[in-house]
Amino acid sequence: MDETVTTTRYKLSFTSGALLMREAVIAAPLYLRERDWSKVRAVIQGDNLLQARTVASGRRFAREVVQRLAMLTGDEIELLVDATATERAHLLWAAACRRYSLIGEFAEDVVRERFLLLTVTLSYEDFDSFVRGKALWHGELVELRESTLRKLRANLFRMLHEAGLLSDDGHILQAVLSHRVAGELAARTPSDVRFFPTTDGAAGRTG
């Protein structure tokens, strides 16, 4: 029997854009009209709805926002359109965690775990240590240029800031999920509440 464990390569294209809050506000209503992500992407690119400076950057951001929003269910997209700024940030953080397993694993294994253990700070070194551990099974992390790794790290921490999960001075902030966002996240198996620094009992207390 072959005992070799095959691991899925991490997707590592989250080098810019953070949560894409502005882009999501543009793309989500288009999906509710078209119900086809390829059409949404074509419309965004064709009309330069993201007001990109170059064709290449417009293509890149259109692809990125569509790929992330495609991780959300139809009900979550409808909620995203109707959401408060906080709810939208939480949904887009969940979308990033689903799209990029490296982000999802960091969110669950490091951010949430540190929060539950009352270790309230988070630093770049925590990310670097996490990546070093994962590199034992993921050669693609070893192959990364240092400059690319720095971009991934900086953008991930920017996502945490924009999602309201990390303060400017590096303190982990408890996620206060609304009832409707918590309900959508908890409907999945396993629950996607695991991507947030919060206790299961605290999730869904508002809204």
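Q: Which residue just after α2 takes a positive phi?
A: This is a predicted model, where local features need pLDDT of at least 70, side-chain atom pairs count only at pLDDT 80 or more, and totals for chains, interfaces and linings use all residues. Residues are numbered from 1 along each chain as its sequence is written, and side-chain values use heavy atoms, with hydrogens and water left out. Helices are DSSP runs (H or I, at least four residues; strands are E, at least two), numbered from the N terminus. Just after α2, a positive phi of about 50° is taken by Asn48.

Q: Which residues of α2 are buried, and within what arc do they fall?
A: Buried means under 20% relative accessible area, exposed over 50%, and partly exposed in between (1.4 Å probe, protein chains only). In α2 (residues 37-46), the buried ones are Trp37, Val40 and Ile44. They line one face of the helix because, seen down its axis (using directions from the axis to the C-beta atoms), they fall within an arc of 55°.

Q: Which exposed residues does the face of α2 turned away from its buried side carry?
A: The buried side is covered by elements including α1 (21-34), α3 (55-69) and α4 (74-82). On the face turned away from it, the exposed residues are Ser38 and Gly46.

Q: Which side chains make polar contacts with the side chain of Asp169?
A: Asp169 sits in the loop between α9 (146-162) and α10 (179-186), and is exposed, with a relative accessible area of 58%. A polar contact is a pair of N or O atoms within 3.5 Å; within protein, one must be able to donate a hydrogen and the other to accept it, and residues adjacent in sequence count only if both atoms are side-chain atoms. The partners of Asp169 include Ser167 (2.3 Å) and His171 (3.2 Å).

How values were computed
Contact means heavy atoms within 4.5 Å.
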